[in-house]
Amino acid sequence: MDPRRMSDESVDSDSYRAFWADEFADQIEARLAEHGGSDDPIVIKGGVSPSGVAHLGNINEIMRGFFVAEVLRARGHEVRQVFTSDDKDPLRKLPRKLADSSGEIVGLGEVDAGALGRNLGKPYTAIPDPFGERESYAAHFAALLEADAERLGVPLDLYSNTALYADGTFDPVVRHVLKNADRAREVLSQYQAKVDADYVPFNPVCSECGKLTETVTNIDLAAETVDYICTDMNVGDTTIEGCGHEGTASFRAGKLPWRFEWPGQWQVLGVDFEPFGKDHAEGSWPSGVDIAENVLDIEPPVPMVYEWFTLNGEALSSSAGNIVTVTELLELLEPEIIRYFFAINPKKARDLDLSRLDQLVDDFDRFERAYYAALDDERLTAFAEAAYPHVVREVADERPIRLPYTFAAVLGMVDDPAFREKLARDEGHIPADADERDIERALARIQKAREWAERNDNQYNYRLQTELPATEFDTNVADALDSLAGVVADGATGEEIQAAIYDTAREHDLAVGDLFEAGYRLFFDETQGPRLGEFLGDLEADFVVGRLRRER
RNA sequence: GGGCUGGUAGCUCAGUUAGGGAGAGCGUCUGGCUUUUAACCAGACGGUCGGGGGUUCAACUCCCUCCCAGCCCGCCA
């Protein structure tokens, strides 16, 4: 088989799929049919090194697989979504940012960086948790990732790669690869120039210093051990020093190089489908297919390549600090909107612009409307029909109440929950007969939008001032405010107040803008704000009157 | 240098699998909501579909070529 085959193979050209996950489900079913269709449960895998904070890019690995798993489940298959924490990999460089056990980002300076630095070259599972809580560095970050998955409603079977070696799961693969080291070498050499006659596809852990080494001098198949010398290891532009120790390691005291380990995982976990980023598409994947077929003698899973997305127009980068975590994002968005983000076309490189989250939310709301009531957009409707149930996890009988995100941000200018609800009702966003729980759910968006407005300090970042701001007005402005107060005291409605602002300004020979500005100053301590008259009309009249008179 | 993926309106994206009308939402502008101030409504403006060439009656779509971005082709994962 062509090792470069990509995901478009075996797609039935007659079957158009509105949702990409259906296409992959088709491929997986076709693959199953080839060997009798008795392969349940279907195994979908993903995996990352627990090298540091799991940012939203890493969540691709989880969410892309999730949608395919969900589609297959809906078709009646039993599906396991497994995820490997590739935690026997060595720590190669210190991350600049970490995250504590609640997911809050902290700088490297806040932990014992020196202690961490001494662990370069050791497997993540052999490094202490910098926060001193879990059994290892790996366990700390794996727990965070697992928590993210849970918050997104994705059930995962998380595997520690180290554990797979330790408990013997990997034994048959290691044995096989080392027994067929010549073949392994021959296959891999087609993909990696560095693979020469001395290459051994195994990296032992040095019994002296605990670091992974790559200089194996002898394989003893009978004893199932290798001899090694702990030499220096080049990692990028830095060198991790070996201790020079010459020793012997068992097949479990080390690991396969990634190019073999990945296909090995397919074998021991029985993987049917695996999504991966475009970085793997041209490197590990072709060699992995070749190794699976010609070294391990297994069939590789159905692949899927996803494009990377950018954050605020720039590449995601832990070192540059351009990352966002699920924890952070959940303060700004409902989980279904994060899932929606990963439901859209994985082949397109997209940008997640945190300053324009309103756009993403609007898109989601529209997507949701398309599911409940066909919009005049066939593509969107077809996509929503296929994807929406998996995005929301539980489909409500009726379309949930949604406040437009920017409107929610406007409501976030006031703190009083009852007032927020009143405004939303007045504006027609909440049906009169709406259920209490549904309203509560809808209003929950306000807090997220408020957080968004504050964090971006954007045009919605105003807050109703509960205390009288320090102000100074010209006499005629002050007079105008007093007479406006009179209008409000007489029980004017919002619309009437709005009209009165214009009238009053004219009567007092003021530019309308100046009076508006005075009003915004009094209520928001700003020069601009939401539509003032209607806003004031919804506030308590006594409060408005007192404030307009600069009394409280 | 070779390969893979992407490039459609100011922004976010559909549409390319199978050639036939260039689209949506948001933003902007204008108008309405009794008279510039963000929530609501209506309309308009807005694109050489990255550039060029070719095939075709017809190209965003197929072919060639070039440009831009990311990734892979060293190591590592």
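This talk describes a predicted model of a protein chain together with an RNA strand.

Chain A contains 22 helices and 17 strands. Taken along the principal axes, its C-alpha atoms fill a box of roughly 100 × 60 × 35 Å. Of the 552 residues in the chain, 51% are buried. If we consider the contacts with a separation of 6 or more, 71% of them come from residues 24 or more positions apart.

Let us look at the interior. In soluble globular proteins, nonpolar side chains tend to be buried together. In this model, the largest nonpolar core has 115 residues. The residues with the most contacts inside that core are Leu 56, Phe 67, Leu 333, Leu 352, Phe 367 and Phe 523. Which helix gives the most to this core? The answer is helix 2, residues 56-74, which supplies 10 residues. Setting aside neighbours within four places in sequence, Phe 367 is in contact with Tyr 340, Leu 380, Phe 383, Ala 384, Ala 387, Tyr 388 and Val 391. There is also a second, separate core of 39 residues, and among its members are Leu 188, Val 195, Val 216 and Val 226.

We have met Leu 352 already, as one of the residues with the most contacts inside the largest nonpolar core.

The next topic is RNA strand B. Several helices each supply at least two residues of the surface, including helix 8 (258-269), helix 13 (357-372), helix 19 (494-507) and helix 20 (512-524).

Which parts of the RNA face the protein? Among the atoms of RNA strand B within 4 Å of the protein, 66% belong to sugar or phosphate, and the rest belong to bases. A polar backbone atom of Glu 282 lies 2.9 Å from a sugar or linking oxygen of the RNA strand. For the bases, a polar backbone atom of Gln 459 is 3.0 Å from a base nitrogen, and a polar backbone atom of Phe 535 is 3.2 Å from a base nitrogen.

Ser 136 sits in the loop between helix 3 (113-117) and helix 4 (137-151). Is Ser 136 buried or exposed? Ser 136 has a relative accessible area of 2%, so this residue counts as buried. A polar atom of its side chain lies 3.0 Å from the backbone nitrogen of Ala 139. Leaving out neighbours within four places in sequence, Ser 136 is in contact with Tyr 124, Thr 125, Ile 127, Pro 128 and Asp 129.

Arg 175 belongs to helix 6, residues 171-179. Its relative accessibility is 32%, and Arg 175 is therefore classed as partly exposed. Not counting residues up to four places away in sequence, Arg 175 touches Glu 224 and Phe 251.

The last two residues concern backbone angles. Most residues other than glycine have a negative phi. Arg 393, although not a glycine, has a positive phi of about 75°. This arginine, Arg 393, lies in the loop between helix 14 (378-392) and helix 15 (405-411), and is partly exposed at 31% relative accessible area. Asp 457 is not a glycine either, and has a positive phi of about 45°. Asp 457 lies in the loop between helix 17 (436-456) and helix 18 (475-489). With a relative accessible area of 56%, Asp 457 is exposed.

Thank you for your attention.

Technical notes: Residues are numbered from 1 along each chain as its sequence is written. Chains are lettered from A and ligands numbered from 1 in the order in which they are written. This is a predicted model: local features need pLDDT of at least 70, side-chain atom pairs count only at pLDDT 80 or more; totals for chains, interfaces and linings use all residues. Side-chain values use heavy atoms; hydrogens and water are left out. A residue is near a molecule or strand if one of its heavy atoms lies within 4 Å of it. A polar contact is a pair of N or O atoms within 3.5 Å; within protein, one must be able to donate a hydrogen and the other to accept it, and residues adjacent in sequence count only if both atoms are side-chain atoms. Helices (H or I, at least four residues) and strands (E, at least two) are DSSP runs, numbered from the N terminus. A nonpolar core is a set of buried Ala, Val, Leu, Ile, Met, Phe, Trp, Tyr and Cys residues joined through side-chain atoms within 4.5 Å. Buried means under 20% relative accessible area, exposed over 50%, partly exposed in between (1.4 Å probe, protein chains only). Contact means heavy atoms within 4.5 Å.
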